[in-house]
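I opened this notebook to record what I looked up in one structure.

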Amino acid sequence: MTRYPSLGAAAVRLIAALSLAGAATCAVGQETVPQLVQRSIDTAAAQYGGLLAKVQRKPGFPRTVDKAEVVLVGVGDWTAGFFPGSLWYLYEATGDAKWRLAAADYTARTAPAKFDKSQHDLGFMLGAGYGNGYRLTGDPAYRDALLAGATTLVTRFNPKVGSIQSWDLWPNSTWAYPVIVDNLMNLELLTWAARTAVEPRYRDVAVTHADTTLRNHFRPDGSSFHLVDYDPGTGKVRGKVTVQGHADGSSWARGQAWALYGYTMMYRETKKEDYLRQAHKIAAFFMQHPRLPADKVPYWDFDDPAIPNAPRDSSAAAIVASSLLELATFSSGEQAGSYRAFAEAQLRSLASTAYLASGGEGGSDNGGFLLKHATGHKPAGKEIDVPLNYADYYFLEALLRLKGAHAGS
C-alpha cells in the first residue's frame, strides 16, 4: 500500500519568484536527483524529529498548525494515519531505528479505526500506517489489522448503487447516499485484502465502486465533481456537487489529484485498461491546464476567480507528483518521460524554500511539518495556507518514488 488568511498578491508573486529562482539554482548548481532527495529527507528528519519531541507524550495525531500551535486530532479523524505513515517513510529512507519505533508506536494508536463503521476513510487511516508497516516489517499483526479494516469497510457498500458510501448523513443534509471522489483512495485496502485473504468479493466491491465512479463523477475533459449523490434504493444519480471546491462546476485541485492517484493505483491492482485511459486523461487535464502556475503547484481550485491571488495547494501537487511517477511505469516513450519530468519539476518546486520548511535546529519552522501552503477546506474557511500531514506524507512518498525511478533509469 503503498489525505490563516489566504495569500495576497504579493505573497503569490513571491512564491512564484522563489520557485523560479529555485529552479534556476538547480539548473546552475546542478542539484542532482539524489541530492534533491537526500536534502529533502534530511530536512524531513530534522522537522519530524522536532515535531515528534513536541507531541509524542500527548494523545492524538498531528494534523496541521493553527496560531503557531500544532493541532492534534483523534483516532477517528480521516487524517490520523498519515503521521505514522510519514514516520514509516522516514524509516524506509534512512534506516534509522528511531523512526521505526516511533512509527510502530503511532501505528498502534490507530488500531480502533479497523472497527470504525462510521466512515469510508479506512484506507487512509490504516493503509498509511499499517500498510507501510506491514510492507517494511512483515509483522503479521499489521496484516490482521488491515484485513479487519477491509472487512469493516465493505459494510458500507450498497450493491444497488455500486459504491461504498462516503459520509454518513449530516443533520439537515439533503443527500441520500453521498460518494466523494476521494473514496477511490480507500480501494487499495480492498484489492490487497482480496489477494491476501483469497476473498474475491473484496476485489469485486473495489472494481464496482471504481466503475461507478468512472461512469458518474467525470466531465468530458477529465475533471471531476467532488460528490455524487445516489438514491440508495435504485442507484440513480440524484445530484452532482463540489463541496470542497469553488463551485459545483469547478475543478477542485485535490479532487483531481485523488482521481489521478486512484485510477493509476486501480490499474496497477486490476490491469483494467479503462482505468489506465482515465488516468492518462486526468493527467492531461492537470498538466495542460492553462491556469496551472509555472512552478506546477496548483491553486486550490482551477476555477477560483481570485486567481492569481488564490491560495495554492501543495498537498495536491505532492499527490499528483507521486501519482505521475507511478503512472510513468505504466507508460512508455515520450509519455512516460513527460510524466517523470513533470513530477520531478513539481518536487523541485516543493523542495524549494518557497514551500519546504527550513529543517533548522529543533524542527521549529512550520510547526515541525514539511510543506507550507496547503489548503484543506477553503469554502468552510478551514486550513487555508497551512501545513497538512497528508501533504507531507505524499511528498515523502513521491521523493522515494523519484529516487527509485532515478535509480532504475
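**Entry 1: Salt bridges**

I found that the side chains of Arg39 and Glu31 meet in a salt bridge, at 2.7 Å from N to O. A salt bridge here is a side-chain nitrogen of Lys or Arg within 4 Å of a carboxyl oxygen of Asp or Glu. I noted that the model is predicted, that local features need pLDDT of at least 70 and side-chain atom pairs pLDDT 80 or more, while totals for chains, interfaces and linings use all residues. Residues are numbered from 1 along each chain as its sequence is written, and side-chain values use heavy atoms, with hydrogens and water left out.

I then looked up accessibility (buried is under 20% relative accessible area, exposed over 50%, partly exposed in between; 1.4 Å probe, protein chains only). Arg39 is partly exposed at 32%, and Glu31 is buried at 17%.

Lys67 pairs with Asp66 in a salt bridge, with the closest N and O atoms 3.9 Å apart. Lys67 is exposed at 68%; Asp66 is partly exposed at 38%.

Glu269 and Arg268 form a salt bridge at 3.0 Å, and both are buried. I recorded that they belong to a salt-bridge network that also links Glu188, Arg195, Glu326, Glu397 and Arg401.

**Entry 2: The sheet**

I traced an open, antiparallel sheet of 3 strands in the order 5-6-7. Strands are DSSP runs of E, at least two residues, numbered from the N terminus; two strands pair if DSSP finds at least two bridges between them. Strand 5 (178–180) and strand 7 (237–241) each have a single partner strand, so one side of each is left without a neighbour in the sheet. I counted 4 bridges between strand 6 (residues 227–230) and strand 7.
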